[in-house]
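Subject: Structure handover

Hello,

The structure you asked about is below. Please look through it first, then read the notes that follow.

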Amino acid sequence: MADRRIKEILLIPEIPAGLRSAHLIGGKIVPFIGAGLSKLAGCPTWSELANICLHHFIKTGELNYCAVEQLKHLSPRVKLTLAMRLNKQSQQKINFEEIFSRSKEPESLGSRAYCAIQQIANIFLTTNYDSCLKYKDTGGVMRAGDSVGSTLEVIERNRIYKKEDFRPDVLTKSDTVIHLHGSEHDPESMIITTQDYATHYARDRDGDENPVLTFLAYLFSQKTTLFVGYGLEELEILEYICKGQTARQDPQPSHYLIQGFFSHELYLANEMYSYYNDLGIELIPFARDDHDWAQMTFVLEAFSKQIPAQPILAIEKRAEMGRLLENE
């Protein structure tokens, strides 16, 4: 992938030519949605989730404030590992569905962002546990200053969240959401602890195939992924996902990441461009100056107008099935 330098960080960035080309093929673009987008919709960040889980056990009497205070300097991953150990032993389990309940007001920036991303693609991948992708705006995406209301409709999507169900053929079905790290509706499926991550992304051993790695290998080789809602603090997750999956000979990028920077952070943006470039991902920076991270909503709304989702045609499904057979 050819390197280049970013000359200016724009409020609404230009769409790379490769991403424009990919949108012409139904099902080619697969948004890869991270916690940043869910935060706009009212869901907790990784750090907030860790603290919520620990405070749950203060309410149950299994921890006290003194214990939680001693844990406060630990990383969110370590806190969650400790909280999940307590959760296994407790009679009063953490209610993840309640934690990830969100505002469903259509005028909220989070709802607008999710409505916009759902206009760009038919198939979605997420490391989030929440169900934010189940709501779609039936009255059109609201723009800044609009006075006309709209309503949110629950969309029944095909939801994949169990490790054994991560098969390449799910990428041939429209209205599919793949929860790579499990779902709030099934806490047993949620990848939370350090051991969970190590097992989930373990390399094949003793001839046993890891369906997660096989699925990701196929995804990165056949689809154009658009990472949305991943910040610098989530590099560890991106490295888990991308490690060993993005080595390519093609000089043209097929994976993209939308990420926010302040306009004066040009040096940082260029360094991160090079970093992601090594992972096989092209950075698409936007300026946070006016709306901070909420600017993501306006970026996605602009993109949804320019690269709307195309239907997956029967001929494309047959071609996809042919590629699946070749990979067996």
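**Salt bridges**

D165, R167 and D169 are linked in a network of salt bridges, where a salt bridge is a side-chain nitrogen of Lys or Arg within 4 Å of a carboxyl oxygen of Asp or Glu. Before going on, note that this is a predicted model, in which local features need pLDDT of at least 70 and side-chain atom pairs count only at pLDDT 80 or more, while totals for chains, interfaces and linings use all residues. Residues are numbered from 1 along each chain as its sequence is written, and side-chain values use heavy atoms, with hydrogens and water left out.

Six salt bridges turn up in a search of the whole structure. In the one between D165 and R167, the closest N and O atoms are 3.9 Å apart. D165 is partly exposed at 28% relative accessibility, and R167 is partly exposed at 37% (buried means under 20% relative accessible area, exposed over 50%, partly exposed in between, with a 1.4 Å probe and protein chains only).

E69 and K72 also pair through their side chains, at 2.7 Å from N to O. E69 has 43% relative accessibility and counts as partly exposed; K72, at 41%, counts as partly exposed too.

Which parts of the chain does the pair R112 and E301 link? R112 lies in helix 7 (residues 109-117) and E301 in helix 12 (residues 295-306), 189 residues apart. Helices here are DSSP runs (H or I, at least four residues), numbered from the N terminus. The two side chains meet at 2.9 Å, N to O. R112 is buried, with a relative accessible area of 7%, and E301 is buried at 4%.

**Cavities**

The whole structure holds three cavities of 30 Å³ or more. A cavity is a set of points on a 1 Å grid over the protein atoms alone where a 1.4 Å probe fits but cannot get out, and its lining residues have an atom within 4 Å of a point. Points are joined across faces, edges and corners, and the volume is the space filled by probe spheres set on them.

The largest cavity has about 180 Å³ of space. It is lined by 16 residues, of which A35, W46, T127, N128 and Y129 are the closest to its centre. Helix 2 (35-40) and helix 3 (46-59) are the elements that give two or more residues to this lining.

The second largest cavity has about 60 Å³ of space. Its lining includes H23, K28, N122 and Q310.

Regards

How values were computed. On a 1 Å grid over the protein atoms alone, a cavity is a set of points where a 1.4 Å probe fits but cannot get out, and a pocket is an open set with protein on both sides within 12 Å along at least five of seven lines; lining residues have an atom within 4 Å of a point.
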